[in-house]
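The following questions and answers go through one predicted model. Please keep the sequence and the structure in view.

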Amino acid sequence: MWVFGMDKVNVLYCFDSKFWRMAAVSIESLLATARDTTQITIYCMVAPKTAGRRKLEKIIKSHKSGAGLVWREIDSRDNPFQSYEYSRWSPVIFYRCFAHRFFRDVNKMLYLDSDILVCRDVAELFNTDVSNCVFAAVRDLAPVNDRYHPQGIFVKKFAEKYLNNGPYYNSGVLLLNLKKMAEYEYLMFETKIPLFYPDQDLLNAAFVGKTKTLPLKYNLAPGVLVPKIFTPNEAREALYGGHVIIHCYSVKPYDYNRAPDQLYAMFSKHAKNIGMNPNKFMEYDKKYERRRVKDTFIPHVRVGRNFIKFFGLRIDV
């Protein structure tokens, strides 16, 4: 029940059993930083038999302000991204692209990747007007002006070819207008392009001209240099205490030896708050990778879902 003076916020996560622990820490950070006037409903689109539901329910109940939880398992038959061109990636990657099919009574959702840490209340972000666009997002941090940086080169060429030199957005934080997503869903299936960053490339190309740019403070990646596509004031605000969301795609926040001290401390605090040992996350990664890797008939060659190991050297494919 909505109470006058409360900000009602809908947040979407999409994950499977590999990432449910990361999602749990992210959700803890979301709830821990929410103001008393922010009423959050958490929507989880998950792969069949995904673990962690009871743990998430316990996390939510532990917060005095509380939150709602909607748990929806997505059967492979209900995933429209099942054809050959999408088959090399985990189906979960595309869940965010069709949330409108499952939550028809919801107008707007804030999608967050599982490797997100929330530093401040997200109500202001959620209340951003997206009535005239399909989604709002932060521009990707790829250094498009660096002619020697592979990611920068890719984004620059992608924008020239498919975006009329417009902005290329990161899909880790998306403020989704679900009604517009439903209205223009057909564009995703009419967009036939090579996909390198699958859902991200698809969303950018399909909805070019139907998007809105968010400030950098809503999707800041630690350890990544801020390119000049962002204004000095915007970069200054995000870098020096004004950030709302930290996206950990560039570094594992539980890697004590590589993560920045402040990031590791933040992750550890939220993990410990929900009874998780931050030092165990590296072990979970290794266990999952071992389960996904298969030996081949060629000595010293092992094949995973998206990589090959050749004499111990990993090559992403």
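Q: How many helices and strands does the protein chain have?
A: Residues are numbered from 1 along each chain as its sequence is written. The model is predicted, so local features need pLDDT of at least 70 and side-chain atom pairs count only at pLDDT 80 or more, while totals for chains, interfaces and linings use all residues, and side-chain values use heavy atoms, with hydrogens and water left out. Helices (H or I, at least four residues) and strands (E, at least two) are DSSP runs, numbered from the N terminus. The protein chain has ten helices and 13 strands.

Q: What percentage of the residues of the protein chain count as buried?
A: Buried means under 20% relative accessible area, exposed over 50%, and partly exposed in between, with a 1.4 Å probe and protein chains only. The protein chain has 317 residues, and the share that counts as buried is 50%.

Q: In what order do the seven strands of the open sheet lie?
A: Two strands pair if DSSP finds at least two bridges between them. The pairing is mixed, and the order is 3-2-1-4-7-6-8.

Q: Which residue of strand 2 stands opposite Val-9?
A: Strand 1 (7–15) and strand 2 (38–46) run parallel and are joined by nine bridges. Eight of the nine residues of strand 2 are buried, so strand 2 is largely enclosed by the rest of the structure. The residue opposite Val-9 is Ile-40.

Q: Which residue of strand 7 stands opposite Met-109?
A: In strand 7, the residue opposite Met-109 is Leu-176.

Q: At what angle does helix 1 run to strand 1?
A: Strand 1, helix 1 and strand 2 make a right-handed β-α-β unit. Axes are lines fitted to C-alpha atoms, for helices over the stretch in contact, and angles run from 0 to 180 degrees between N-to-C directions. Helix 1 (residues 20–32) lies across strand 1, strand 2 and strand 3, and its angle to strand 1 is about 165°.

Q: Why are helix 1 and helix 9 described as roughly perpendicular?
A: Contact means heavy atoms within 4.5 Å, and the residues that make it here include Met-22 and Val-25 of helix 1 and Phe-267 and His-270 of helix 9. The axes of helix 1 and helix 9 (residues 261–273) are 9 Å apart. Angles under 35 degrees count as roughly parallel, over 145 as roughly antiparallel, 65 to 115 as roughly perpendicular and the rest as oblique. The two helices are therefore roughly perpendicular, as they pack at an angle of about 95°.

Q: Are helix 1 and helix 2 roughly parallel or roughly perpendicular?
A: Among the residues that meet are Trp-20 and Ala-24 in helix 1, and Lys-55 and Leu-56 in helix 2. Their axes come within 10 Å and cross at roughly 10°. That makes the two helices roughly parallel.

Q: Which backbone nitrogen does the side chain of Asn-79 reach?
A: Leaving aside neighbours within four places in sequence, Asn-79 is in contact with Pro-91, Tyr-95 and Phe-98. At 2.9 Å, the side chain of Asn-79 reaches the backbone nitrogen of Phe-81.

Q: Which residues does Leu-239 touch, not counting those up to four places away in sequence?
A: Leu-239 lies in helix 8 (residues 232–242) and counts as partly exposed at 41% relative accessibility. The C-alpha atoms of Leu-239 and Val-226 are separated by 9.0 Å, and the two residues are 13 residues apart along the chain. The residues touched are Leu-220 and Val-226.

Conventions
Polar contact = N/O pair within 3.5 Å; in protein donor to acceptor, adjacent residues only side chain to side chain. Right-handed = clockwise from strand over helix to strand, strands pointing away.
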